[in-house]
Amino acid sequence: MTTGEILALYDAEMRRDPFDPFGRVEKLPDLTRVMMEPPGRHGGWILYTRLSPETADEAIATQIADMSRHMETAGRGLEDRDGNTQGGIERGIESSFESSFESSFESSFESSFEWKVFDHDTPADLKQRLIAHGFEPDEPEALMALDLEEAPARLLQPVSADIRRITDPAQLSLVAAVQAQVWEKPTPGLEDELAQTLRTHPDLMSIFQAYADDKPVANARICYHPGRRFADLWGGSTLPAYRGRGIYTALVAVRAQEARTRGVRFLTVDASPMSRPILEKLGFRHLVYTTPFVWTKR
């Protein structure tokens with residue numbers, strides 16, 4: 001398939017008609033949104049946009065109003081259920097981060113949502129309009145895709161690195177700790193989201209942790225979408241001291257091999273400037289740039 005054909009298929013399966021086990025997918029005439037429920041790092045997501053210049057500003061204002069009401073209702077639900085704003089959430093992340101992680105997670109869910117803009121979304125000035133409505137852009141990422149029918153041989157060979165699949169939610173504190181060290185900041189809500197998936201839908205996600213010198217040094221995960229031909233790669237992160245040893249590539253390989261056994265056709269990943277060159281060497285193609293825009297209640 002051509003790059004354009006893969007992008008069109010991705011739009012149809014993953015953006016216009018997405019699958020989310022923990023959110024309510026709503027397909028409106030010109031956009032698709034997901035209204036999330038706790039645990040989660042945002043109150044919702046706008047995943048697909050085909051607005052016109054004449055309707056864009058009204059649609060943006062409507063989404064802000066709708067998402068604000070949803071987040072307020074969900075926040076009250078947490079308080080009503082548990083009697084406090086913490087919502088009784090248990091965390092296994094290292095104790096030195098615990099309090100700040102919990103408060104950050106709760107306030108993030110109750111006050112923010114994300115509008116993910118792809119460069120071919122319309123209208124052409126959608127990014128500028130979102131900024132005018134109070135959204136803040138994050139760093140752009142390159143959406144990369146690999147056709148597993150064309151995967152290079154190196155991804156299909158046995159992996160020699162010490163990589164272990166995590167199936168016990170109690171082990172997720174190690175995953176969160178590695179992520180926090182790599183990105184030098186807390187990852188509020190991450191452990192809760194991963195634990196919820198492992199407990200309720202273990203078939204939808206596989207988490208892999210890489211070890212070296214008898215300690216966890218990298219991890220990554222893959223998410224599956226029933227009825228779709230795509231699987232997403234997430235979280236591929238390696239501690240700085242262990243980069244350049246092929247660990248990142250090994251994590252891509254174990255996920256590619258598992259995905260093939262499950263009948264997946266395409267792997268996708270939102271690549272950072274650091275990971276993109278590695279992925280291109282492994283056969284991934286650049287589809288389009290994406291930019292997350294976050295609206296936060298003030």
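# A quick tour of a predicted 298-residue model

Buried residues account for 52% of the 298 residues in this protein. Please keep in mind that the model is predicted. Its secondary structure amounts to eight helices and 12 strands. Of the contacts between residues at least 6 apart in sequence, 71% bring together residues at least 24 apart. The protein exposes about 13,900 Å², and carbon and sulfur atoms supply 51% of that area.

**The nonpolar cores**

- The largest nonpolar core has 37 residues, and the members that touch the most others are Leu148, Ile222, Leu251, Leu267, Leu279 and Phe284.
- Two or more residues of this core come from each of these elements: strands E6 (141-147), E8 (205-212), E9 (215-224), E10 (230-238) and E11 (266-271), together with helices H5 (172-183) and H7 (247-261).
- Helix H7 is the top contributor to this core, giving nine residues.
- What does Leu267 touch, once residues up to four places away in sequence are set aside? Its partners are Met144, Ala145, Leu146, Leu148, Ile222, Ala231, Leu233, Ala256, Ala259 and Phe284.
- There is also a second, separate core of 18 residues, with Leu31, Ala59, Ile60 and Val117 among them.

**Ala142 in strand E6**

- Ala142 sits in strand E6. Its relative accessibility is 4%, so Ala142 counts as buried, the cut-off being under 20%.
- Beyond its neighbours within four places in sequence, Ala142 is in contact with Val269, Asp270, Ala271, Arg276, His286, Val288 and Tyr289.

**Helix H6**

- Is helix H6 (residues 190-200) largely enclosed or largely open? Nine of its 11 residues are buried, so the rest of the structure largely encloses this helix.
- The buried residues of H6 are Leu190, Glu191, Asp192, Glu193, Leu194, Ala195, Gln196, Thr197 and Leu198.

**The cavity**

- Rolling a probe the size of a water molecule over the atoms shows where empty space is left.
- Here, one cavity of 30 Å³ or more is found, and the largest cavity has a volume of about 30 Å³.
- Which residues line the largest cavity? The lining consists of Val175, Gln179, Leu194, Ile207, Asn219, Ala220, Arg221, Trp234 and Gly235.
- H5, E9 and E10 are the elements that each give two or more residues to this lining, and E9 gives the most, with three.
- Sorted by class, the lining of the largest cavity holds five nonpolar, three polar and one charged residues.
- Leu194 belongs both to the buried set in H6 and to the cavity lining.

**Backbone details worth a look**

- Most residues other than glycine have a negative phi, and most peptide bonds are trans.
- The peptide bond from Thr122 to Pro123 is cis, with omega near 0°. Pro123 lies in the loop between strand E4 (112-118) and helix H4 (126-132).
- Glu184 is not a glycine but has a positive phi of about 55°. This residue is placed in the loop between H5 and H6, and its relative accessibility of 73% is why Glu184 counts as exposed.
- Asp213, likewise a residue other than glycine, has a positive phi near 55°. With a relative accessibility of 56%, Asp213 counts as exposed because the cut-off is over 50%.

Methods. Residues numbered from 1 in each chain as written. Predicted model: local features only at pLDDT ≥ 70, side-chain atom pairs only at ≥ 80, totals over all residues. Heavy atoms only, no water. Buried < 20%, exposed > 50% of the residue type's maximum accessible area, 1.4 Å probe, protein only. Helix = DSSP H or I, 4+ residues; strand = E, 2+ residues; numbered from the N terminus. Core = buried A, V, L, I, M, F, W, Y, C linked by side-chain atoms within 4.5 Å. Contact = heavy atoms within 4.5 Å. 1 Å grid on protein atoms, 1.4 Å probe; cavity = no way out; pocket = protein on both sides within 12 Å on 5 of 7 lines; lining within 4 Å. Points joined across faces, edges and corners; volume = space filled by probe spheres on them. Nonpolar A, V, L, I, M, F, W, Y, C, P; charged D, E, K, R; others polar. Areas by Shrake-Rupley, 256 points an atom, 1.4 Å probe, with all protein chains shown as cover.
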